[in-house]
Amino acid sequence: MQGVPESHSGWTFLTNHARVLAAIAEDHTTRIRDIAARCQLTERAVQKIISDLEEGGYLTHTRQGRSNEYRIEEGTFLRHPADSGPSVADLLALLAQHDAKHGASPAGGVRQSRLAAEEQ
């Protein structure tokens, strides 16, 4: 895995839940350890976020030996009423499109997810 971005103080546009979901969209077989490093979170925080996303119906996982394979549920929408309209897939596709235009590396951004690619 490439370098992790430096820490940031102050507010940001994306929540940790969005960052974790974006990391999973990039690689559906990624490890919690790698998500934690990329998102600058603890492994325990990532586990809690994944649990939240599963409880909310945004994500499921299946066991593949000692690893997990994650699946982002198609057609799920952003949670806040003010954000009604775009789906989670729309958000992930937008992030992937931004990174493709700006040449972001996998460690620094989201590549085109399989989910977004399937919808196009």
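**Fold and salt bridges of the predicted model**

Of the 120 residues in the protein chain, 32% are buried (under 20% relative accessible area; exposed is over 50%, partly exposed in between; 1.4 Å probe, protein chains only). The model is predicted: local features need pLDDT of at least 70, side-chain atom pairs count only at pLDDT 80 or more, and totals for chains, interfaces and linings use all residues. Residues are numbered from 1 along each chain as its sequence is written, and side-chain values use heavy atoms, with hydrogens and water left out.

The protein chain contains five helices and two strands (DSSP runs numbered from the N terminus; helices are H or I with at least four residues, strands are E with at least two). From the N terminus, the order is α-α-α-β-β-α-α. Among contacts with a separation of 6 or more in the protein chain, 49% join residues 24 or more positions apart (contact: heavy atoms within 4.5 Å).

Four salt bridges are present (a side-chain nitrogen of Lys or Arg within 4 Å of a carboxyl oxygen of Asp or Glu). One of them pairs Glu26 with Arg38, at 2.6 Å from N to O. This pair links distant parts of the chain. Glu26 lies in helix H1 (residues 16–26) and Arg38 in helix H2 (residues 32–39), 12 residues apart. Both Glu26 and Arg38 are buried.

Asp34 and Arg31 form another salt bridge, with their closest N and O atoms 3.1 Å apart. Asp34 is partly exposed at 22% relative accessible area. Arg31 is also partly exposed, at 43%. Arg71 bridges to Glu73, with the closest N and O atoms 2.8 Å apart. Arg71 is partly exposed, with a relative accessible area of 41%.
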